[in-house]
Amino acid sequence: MRRIAFFTRLLLLAATLAAFSARAEDIEVREATLRATEDGLVLDCDFAFELTPRLADVVANGVPLYFRVDFELTRRRWYWWDETTATRRLQLRLSYHALSRQYRLSTGLLQQNFATLEEALNVLRRVRNWLVVDRSVSLSGGDYEAAVRMRHDTSLLPKPFQLSALTGRDLHLESPWRRFTVRNLVQAPAPVESREPQR
């Protein structure tokens, strides 16, 4: 009987440690704020995470890692399904170049070089001034629910790594959706153009 109780405790301890280690490798959305500008609504958010040792090794050996930030803005309706006002996706590429011995973080045509992996991760963890709702989108001025998350996109890894990602967690990093209510959401007024004749 004691032996069964001992093995039960051992299994519970192993499960707790496994759950803790899995949680430690996930991404946490620390802060997210939505604000109005002349161009529309922009999102600022901070993420907290570290690369797993396997991911750090993969990128150091020249395989780029792709991170995806997803954003949704919905308006709740008691009489019908919620209305999706906007959805946006931001893709960030982290790579290492052996010739220059620099890490590179890029999105679209923009790219930055860093001497160390930690410097590149510090920028990757902070999204600033991301235009998520264009000013052409009309908002009712009521309450909206915004949601944001980040994840490592394993579907863009080379095929051998994709197969490895199916069986292990060491190539996975992702956050749950962070949802927050934005009250009385309206667009900022358009900038006024001067029509005065030049002298």
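Phe-161 is in contact (heavy atoms within 4.5 Å) with Arg-54, Val-58, Val-63 and Leu-171, leaving aside neighbours within four places in sequence. This is a predicted model, where local features need pLDDT of at least 70, side-chain atom pairs count only at pLDDT 80 or more, and totals for chains, interfaces and linings use all residues. Residues are numbered from 1 along each chain as its sequence is written, and side-chain values use heavy atoms, with hydrogens and water left out.

Phe-161 sits in helix 4 (residues 159–167). Helices are DSSP runs of H or I with at least four residues, strands are runs of E with at least two, and both are numbered from the N terminus. Phe-161 and Val-63 are 98 residues apart in sequence, yet their C-alpha atoms are 9.9 Å apart in space. Phe-161 is partly exposed, with a relative accessible area of 21%. Buried means under 20%, exposed over 50%, and partly exposed in between, using a 1.4 Å probe and protein chains only.

Helix 3 has buried residues too: Leu-117, Ala-120, Leu-121 and Leu-124. They lie on the same side of helix 3, because they cover an arc of only 100° around the axis. That arc is taken from the directions from the helix axis to the C-beta atoms.

Two elements, with their residue ranges:

| Element | Residues |
|---|---|
| Helix 3 | 117–124 |
| Helix 4 | 159–167 |

Phe-47 touches residues including Ile-27, Val-69, Val-127 and Met-150, not counting residues up to four places away in sequence. Its contacts also include Glu-28, Arg-30, Arg-125 and Arg-149.
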